[in-house]
Every structure is written in C-alpha cells, then in structure tokens.
Amino acid sequence: MTGSFDFVLSLGDDALIAAQRLGEWTSRAPEMEEDIALANIALDQLGAARLLLTYAGELEGAGRDEDALAFLRDDREFRNCLLVELPNGDFAVTMAKLFFLSAYQLPLYTALAGCADERLAAIGAKARKESAYHLDHAALWVKRLGDGTEESHRRMQAAVDEVWPYTHELFAADPAAPVDPATLRADFDATVSTVLAEATLTRPETGWTPGGGRDGVHTEHVSYLLAEMQVLHRAHPGAKW
Amino acid sequence: MSRESSPLWEVFVRARRGLSHTHVGSLHAPDAELALRNARDVYTRRQEGVSIWVVPAAAITASSPDEKDAFFEPAADKVYRHPTFYEVPDGVAHL
Amino acid sequence: MYGNDFSAPDDAPGGGLLGEVEAAEAALREAAARARRGGPAPDEDLEAYFADVIDADQKIEPRDWMPEAYRKTLIRQIAQHAHSEIIGMQPEGNWISRAPSLKRKAILLAKVQDEAGHGLYLYAAAETLGVSRDELVELLISGRQKYSSIFNYPTLTWADVGAIGWLVDGAAIVNQVPLCRCSYGPYARAMIRVCKEESFHQRQGYEILHTLAHGTPGQKAMAQDAVDRWWYPSLAMFGPPDGDSTHSAQSMAWKIKRFSNDDLRQRFVDMCVQQAEILGLRIPDPDLRWNDERQAYDYTQPDYDELMQVIKGNGPCNRQRMEHRRRAHADGAWVREAAAAYAAKRSANNKEKVAA
C-alpha cells in the first residue's frame, strides 16, 4: 500500500516532530550537561528529517523542498507516528519516548542501510550510528531513573506505562515498503525487555493500541505543535530566510 | 535545597590517531558512564574520531604550581559552528 | 551531523577579532614556552612572587598563591559570565520552535547549545578557584549574583535572533577577546575556546539580518525594528562609563581586565558603523558621525539610568528569566537525585570503574 514517497515522508516526519519536541527542552534540562545532550539528539533528528524530507520531495517530483514539506503541510498531511508528537511531560516521559523511538529507529535505519534504494541506504547508514547513540543515552537514563530513588522509579514506571501503547503503531505491517516495519519488532522487543529488566521496571501488558498517524489521523497535540512550528514561515509567503 | 552529589570529572581527548590524550576541561556527572557520555557531547561537538578519558577530579593528586597547559583545537564536523561557514558580504570588516 | 549543503570550512586564518583570538592563543603558548620560574622560593615574599608572574605576562595557575581579593574578583567575574551564558540561552531559545526554515532551526539549536557549553566551561574555570558549581548556581538562583543585563530584554521577532547575534554577541566578543589574555590561566583558556565559538554566533546573526534586510519589505522592517531596539542595550553591555566603574582600576593592574569600558564601547561602535552600512540598516543614533580629530565615531551614550534599573531587577524580563531558571532547576532536582542514588548503589556494589 505504501509508495516510496509515503514511506520516506513518514520517517522524515517522525524525525522532524521528534526534533521539535526535543528542542523544547533547551534551557530546561535537569542539568547543563543534559541540556547539551538533548540538543545533540534534537540536532541529529533534525538532520535526518532534512535528508529524508528532501528526498521525499524529490520522489514526489512536485517541486517541494524540505521547507515546503515541513512548513506548508497541514495537520492531516503529516505522516509521523503518534509517539513523537506526545507532549514532553517530565524528564521520565521524554526518556521513555526517546527510548522507544530509538529502539525502533536503530533496527529500522540498520535495515535501510542495506536496502536497494541507494539514497535511503546512505541515509540509513548515517542515521544508524546516531540512533545507536540515542538508544544508549535513553537506556542509560531509563536505568538510572528506574533504579534510582523511589520517586524516580514511580515516575519512570508511569512514563513507560503512558507511552507504551503508542509503540505498537510503529510496527504495523507494510510489506510493500523498502523495510517492512513488522520485521523490526523482535529486535525492539529484545532491547526493551533487557533494559526494562535492568531498570527494575515492568513491561506493560499490551491492551490499547492507538494508531492512525501514518494515515494523518493524529492526537490533538499535533495541531498545536504545527501551529507554533509553522507560524513565522507562513506569515511571510514566499520569503527567503 | 538538597545537597547534590555530582562530582567533578576531568576530561581528556585524543583528537586524532597518533596523538596522546590531552586535557580539555571538566564537567559534572554522577557516575563514570554518564561522565563519558557528557564528555562526548560537551567537548567533541566540533570533532569526530576521538577517544575520551574521564577521570574523577578527586582522584587526581596535583604536584606544584608548575602545570603544563593544554590547548584545544576544534575540528570540523558541524561546519555551521565555524565562523567561516557564514557568508560575509564583501568588504565587511571586524566580523 | 547531517547536511550536505554545507561547504567545507575555510582553513585560512581568520582576520579581525578571530585573528586576535588566535594571536592571544599564540601568545599564551609562547608565554608557556618561555623559560618560566617554578613556585616561589621557601623564603620568598608571596606577594612579590605573584606580582612577578603577572609582570612577566605569565599565567597564574590554580595552585599558585594569589591575593584573596584577586581570587574573589575572578570568581565573581567568571561566575557572572557563566550565569550570563546560561540565562542567555532563554531569549534565543524562545525562537527555536518557530525558526522559519529547517536550516535556521538547526543553526539556532546548535548556537543555544553552545551557550550551555560556554556556561559549563566557565563554571569549570571558576571551580579551579575553590568554589563549587552548586554554590554558584545557588548564588544565581537566589539572585545574589548577577548576569548580563542584556538578557532581560525580550526577543519579540525572528529578527531579534539576528540582532542578538550581530550586536549582542558582537559586543560580547569585543569584551571577551582581551580576556583571552587574562592573567588567570584557566579563564584565559576558557575564553579562547569561547571566543572561537562566539565568532560563529556573530556571523550567523549577521547573516540572518543580511537576508532579512535584502528580503521582502516586511522582513526589512522587522530587521530595522530589531536593530532599533537592541542598539542601545548592546552599548550598555560595556558597563557604566569609566568614571563610574567601581572595579576597573584594580582589575587592570592584575591584568584581569585589559581595556576600559569606554575604550571597548568605542571600538564596538567603530566596527558596527560599516557593518550596518553593508546590511543597509540604520543605526538609531542621529548624532553618529566620524570625528576626524579623534579618528573615531562620535555617538550617543546609552541610557545608563535604564541600565541601572535593569541591573536592579526592573528590566522587561528579569522576573521571567529568573523564574524560568528556578523552575528548570527545581523540576530537575528529582532527576539529579535519582542519578546520584543510582551511582551510590553502583559504587556500593562494585568498585568504581574508570573509562579507558
């Protein structure tokens, strides 16, 4: 069902919205060193988003560049998963989101690095290394918060419980895509189990499995996020920046 | 306010193969693993291909006032961090 | 980092201020290479020894003896500088989420991230003087130490990001370049690193304004409005006029400070005039004109009463900036405690492992 354009667009949107959320942490992190780390991860996601959106625009062939795709599409045209658009919450929620996202992006980009599409393979090869770092960083914090104080354990478990339902959407089968997301599930599950166990956290039961992001049916949050992100660009049609 | 116990770490970076590790600065982190990660983010934002050591500052015994001074040379990774990335219109001075 | 649209950095030595930073760095190396004396002889007068090192343009290092007032002055100055970097993240961070293109968003994120890094280098330099970062952060949060007043002005439009880069970072560099030659080694080294990075900040600001000034009429108006609002506060960044400056004379003698407030302000004005012409933007000073006799521009002084008001806490954003910092610090407390608790559990279990 998915053409290359939609597939690349969805990955680009994941990265873009993740970057937008991570950028919100700037000047608000628990420690200066962490402020710098979160900005690095945001920059990586933004970098991947730019490459992916640029490529999506070329595949589409309608003359849209990265900025046209980022700033001039409406809410229903965004193809990102719901996970990335969820509000940052406290630091535990942000780390839960980053942990699950990178545990998905790492095997995804790794698989892409070996795919037949040369452009995608090159992007995958680059982004894979960054995802490995993001996963490492998030896992490190999930362990510290899970096995830190009573309060941090409670917060981290609550964050995992809150975000977990949104992970299922990431693995919806799409056999026609350059990489079928369903094939990434085993890798993801293994990573999650290991880290949560070490963090003394419980992996939630699977019940509710919200989705719809890939079809442009989002949470209420995304419209606000886009309103903020796009406001200046749209206020000056055709302007150069 | 609770007393924070995030010790100081000294950071040493090997900028390129063939060079020895050089002191580049310090940072705070609660443990070695985080100190290493933080060192990467804080002190190699403009570099790549480096090896990093972190040492608890408390573990260093210093000798005399006569220290050797370290220098740090940013390398080119994120080129927009380097001033020469920006186009300066012809004839602008002192920028 | 991603981005194939970036050209390779030019390896040519920088001119202008960047060149001066490099010269300061070379001078630092040279001073270190010169045959230098070790510590004081057992029976030597410590003050004379200290004065000797300063006179010889050698660096004072952390374990050297130093007068208590020198130590205190440095702690205050370096800490205020560090606080300024950390608070300074807020006005520009305000525009990260709304940056008008993805490229500008990436650059701005990297810039604000650099400021966190600068704060961190500077706190580390202050720590070599025997004060902890926790103490300094506490002094900031409780309002007992100040940060640069410039950050108490709001960023109302995107052009303000450009104006901050060009004028505020420009003024900061003019202030800071001489500090690369400061007599205290850790501060001088931190400043060399900071100034090199700041130069990128100033250029990205100039580029933003240049693009706006050559864009649509709406963009040009936005750029001019930003320059109108940031010009005088930027001039005030150099501090009160020399006659009113309390700390200057002793700091000059100790080679902590190397030029007077008014000298640096003049230097900044002289640089900006031509840069504004190329931007096609007007500096909002009807009395700005070349003085052939002085070989410098005559200009209108900033409103120092306004500066004093802002320093006292009555600028447009003082309360907002402090509240933001306090909240971030308070909201992060449980995370810092968790990390400390985790580290304590681990070191109780195994021997601390040091990365290789």
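Biologist: How much area is buried between chain B and chain A?
Modeller: This is a predicted model: local features need pLDDT of at least 70, side-chain atom pairs count only at pLDDT 80 or more, and totals for chains, interfaces and linings use all residues. Residues are numbered from 1 along each chain as its sequence is written, chains are lettered from A and ligands numbered from 1 in the order written, and side-chain values use heavy atoms, without hydrogens or water. Buried area is the accessible area (1.4 Å probe) that two parts lose on being put together, summed over both. Carbon and sulfur atoms give 50% of a total of about 1200 Å².

Biologist: Which residues of chain B lose the most area to chain A?
Modeller: Contact means heavy atoms within 4.5 Å. This one takes ten residues from chain A and 14 from chain B. On the chain B side, 39% of the buried area comes from three residues together: Leu34(B), Arg37(B) and Asp41(B).

Biologist: Which residue meets Asp136(A) in a salt bridge?
Modeller: A salt bridge puts a side-chain nitrogen of Lys or Arg within 4 Å of a carboxyl oxygen of Asp or Glu. Chains B and A share three. In one of them, at 2.5 Å from N to O, the partner of Asp136(A) is Arg37(B).

Biologist: Which element gives the most to the side of chain B that touches chain A?
Modeller: Helices (H or I, at least four residues) and strands (E, at least two) are DSSP runs, numbered from the N terminus. The side of chain B touching chain A draws at least two residues each from β2 and α1 (32-43). With seven residues, the top contributor is α1(B).

Biologist: Where in chain B does pLDDT stay under 50?
Modeller: pLDDT is the predictor's confidence in each residue, from 0 to 100. Chain B averages 73, and 58% of its residues score at least 70. The stretch under 50 still has 50 contacts beyond four places in sequence in the model; it covers residues 66-79 of chain B.

Biologist: Is Arg265(C) buried or exposed?
Modeller: Arg265(C) sits in helix α11 (residues 261-279) of chain C. Its side chain reaches the backbone oxygen of Leu235(C) at 3.0 Å. Beyond four places in sequence, it touches residues including Phe238(C), Tyr299(C) and Tyr304(C). The cut-offs are under 20% relative accessible area for buried, over 50% for exposed and partly exposed in between (1.4 Å probe, protein chains only), so at 0% Arg265(C) is buried.

How values were computed: Polar contact = N/O pair within 3.5 Å; in protein donor to acceptor, adjacent residues only side chain to side chain.
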